[in-house]
Amino acid sequence: MFKQLKNKKGFTLIEIIVVMVLIGTLALVIVPKYTANVAKGRITSTKSNLESLRSAIALYTTDNGGVLPASNLSSLVPTYLRAIPEETITPTNTVVTTQDGTGGWYYDTANNEVYPNLSGNDAEGKAYNPY
């Protein structure tokens with residue numbers, strides 16, 4: 001009644017569905033871990049750039065007899081930095097002297113300190129201010 005296929009080619013519908021379910025399951029596991037690692041990478045990069053900026057400010061202040069750099073930190077370029085490093089969470093490299101949480105860097109000229117100009121908490125649940 002039914003003919004047997006001698007040269008069976010292709011996949012059955014069940015095989016295709018099983019493979020799609022496996023791929024979907026892997027995606028559910030991998031994608032959240034990937035996005036969490038991207039966020040952690042941005043935090044680490046911002047912290048590293050912040051340390052570079054702080055080192056450049058310290059070198060500038062030492063080399064110039066205690067004189068602080070300009071309020072936008074432009075006097076650090078090109079001698080101490082090739083460019084103002086990017087705060088990679090927002091991402092921008094603007095420097096402000098009033099902390100407003102819009103991204104970039106906040107330069108506290110009274111204390112000669114620089115911080116990320118961010119409000120709230122990072123992906124690890126830590127506040128941005130104590131960076």
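Is Glu51 buried or exposed, or does it fall in between? I looked up its relative accessibility and got 44%, so Glu51 counts as partly exposed. My scale: buried is under 20% relative accessible area, exposed is over 50%, and partly exposed is in between, with a 1.4 Å probe and protein chains only.

**Ground rules**

I am working on a predicted model, where local features need pLDDT of at least 70, side-chain atom pairs count only at pLDDT 80 or more, and totals for chains, interfaces and linings use all residues. I number residues from 1 along each chain as its sequence is written, and side-chain values use heavy atoms, with hydrogens and water left out.

**Entry 1: the sheet**

I started with the strands. Helices (H or I, at least four residues) and strands (E, at least two) are DSSP runs, numbered from the N terminus. I count two strands as paired if DSSP finds at least two bridges between them. Three strands make an open sheet with mixed pairing, in the order E1-E2-E3. At its edges I find E1 (95-96) and E3 (113-116), each pairing on one side only.

Next I checked the pairings one by one. E1 and E2 (residues 105-108) run parallel and are joined by two bridges; Val96 has Tyr106 as its bridge partner in E2. E2 and E3 are antiparallel, with four bridges, and there Asp108 has Glu113 as its partner in E3. These two strands form a hairpin with four residues between them. I noted Asn112 in that turn, with a positive phi of about 55°.

Contact here means heavy atoms within 4.5 Å.

Which residues of E3 are on its covered face, and which on its uncovered one? Val114 and Pro116 are on the covered face, while Glu113 and Tyr115 are on the uncovered face. A handy reminder for myself: in a regular strand, side chains alternate between the two faces of the sheet.

**Entry 2: salt bridges**

How many salt bridges does the structure hold? I find two, taking a salt bridge as a side-chain nitrogen of Lys or Arg within 4 Å of a carboxyl oxygen of Asp or Glu. Arg54 meets Glu51 at 3.3 Å, N to O; both lie in H1, three residues apart, about one turn of the helix. Glu113 meets Arg54 at 3.8 Å, N to O. Glu113 is in E3 and Arg54 in H1, so this pair ties together parts that are 59 residues apart in sequence. Glu113 has 30% relative accessibility, so I log it as partly exposed.

I finished with Asn93, in the loop between H1 and E1. At 36% relative accessibility, Asn93 counts as partly exposed. Leaving aside neighbours within four places in sequence, I list Ile84, Pro85, Glu86 and Trp105 as the contacts of Asn93. I also checked Thr79, 14 residues from Asn93 along the chain: their C-alpha atoms are separated by 18 Å.
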